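Open the model in your viewer and get ready to select residues. The tour goes one stop at a time.

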Amino acid sequence: MRTRPFVAALALAGAAVLPAAVPVAAHGDTVHLDVSGQRNGRVSTVATWENDHDPVTGEFTGTLAATATDGRTVGPWRLVAVPGEPGTYTTREILPAGHWRVSVDCAFPSPGHGEGELDVEAAVIGDPPLPGATGATTGAPAPIPAPTPTPTPTAPTAPPAADSAARARSAARDTPSDTTPDAATWAAIGTAVAAVVLVATGFWLRRRPHR
């Protein structure tokens, strides 16, 4: 009688585990990773299950490393999901220009490995960065605006030649000429002439014989 509750509990536990185990068995125990290309320096990797080739979604732990033909190496960089593209992963970092041999590895939900070669051109600034991308992976820093030049004070503009000539003529009209006699000079000349006439008349009257 005591064995019946134990058997019933074991059956319930098996029933709960079986539905979760069936999909894993259908997918297989290996993840296939394919280096599908790159966009503006960011490598794309497609992860599918070995048996049914369904995209690997949900929790995913993978890395990317690369070696260039000139000896440069990068990584390992963490693979992150591409929004709106199930099973596609990329990196927040950007590969520099060059020919690269790329290696991708998956640790969870199952092991997987993939390799590929591709050419990368210099990244074009303007593509929106992935969430969490920082530093050099987001592009070049914004240019610093040049300081506004301070206006240089200018000397007063000399008056045009025509205005200068007009002012000179006006000054000449307002200033009495040195060669033109004024009223006092004319009065003195008139007095002198009258005196000379009077003296001459006196001499003439004296010399005139009396009758």
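Start by selecting H53, which sits in the loop between β2 and β3. Strands here are DSSP runs (E, at least two residues), numbered from the N terminus; helices are runs of H or I with at least four residues. This is a predicted model, where local features need pLDDT of at least 70, side-chain atom pairs count only at pLDDT 80 or more, and totals for chains, interfaces and linings use all residues. Residues are numbered from 1 along each chain as its sequence is written, and side-chain values use heavy atoms, with hydrogens and water left out.

Stay on H53. Its phi is near 60 degrees, a positive value in a residue other than glycine. Buried or exposed? H53 counts as exposed because its relative accessibility is 58%. The cut-offs are under 20% relative accessible area for buried, over 50% for exposed, and partly exposed in between (1.4 Å probe, protein chains only).

Next, select G58. This glycine is in the loop between β2 (42-49) and β3 (61-68). G58 is exposed, at a relative accessible area of 65%.

Now go to N40, in the loop between β1 (31-39) and β2. Phi of N40 is near 55 degrees, a positive value in a residue other than glycine. N40 counts as buried, because its relative accessibility is 16%.

Finish with two prolines. P76 lies in strand β4 (residues 73-78). The peptide bond from G75 to P76 is cis, with omega near 5 degrees. P109 is in the loop between β7 (98-108) and β8 (112-120). The peptide bond from F108 to P109 is cis, with omega near 15 degrees.
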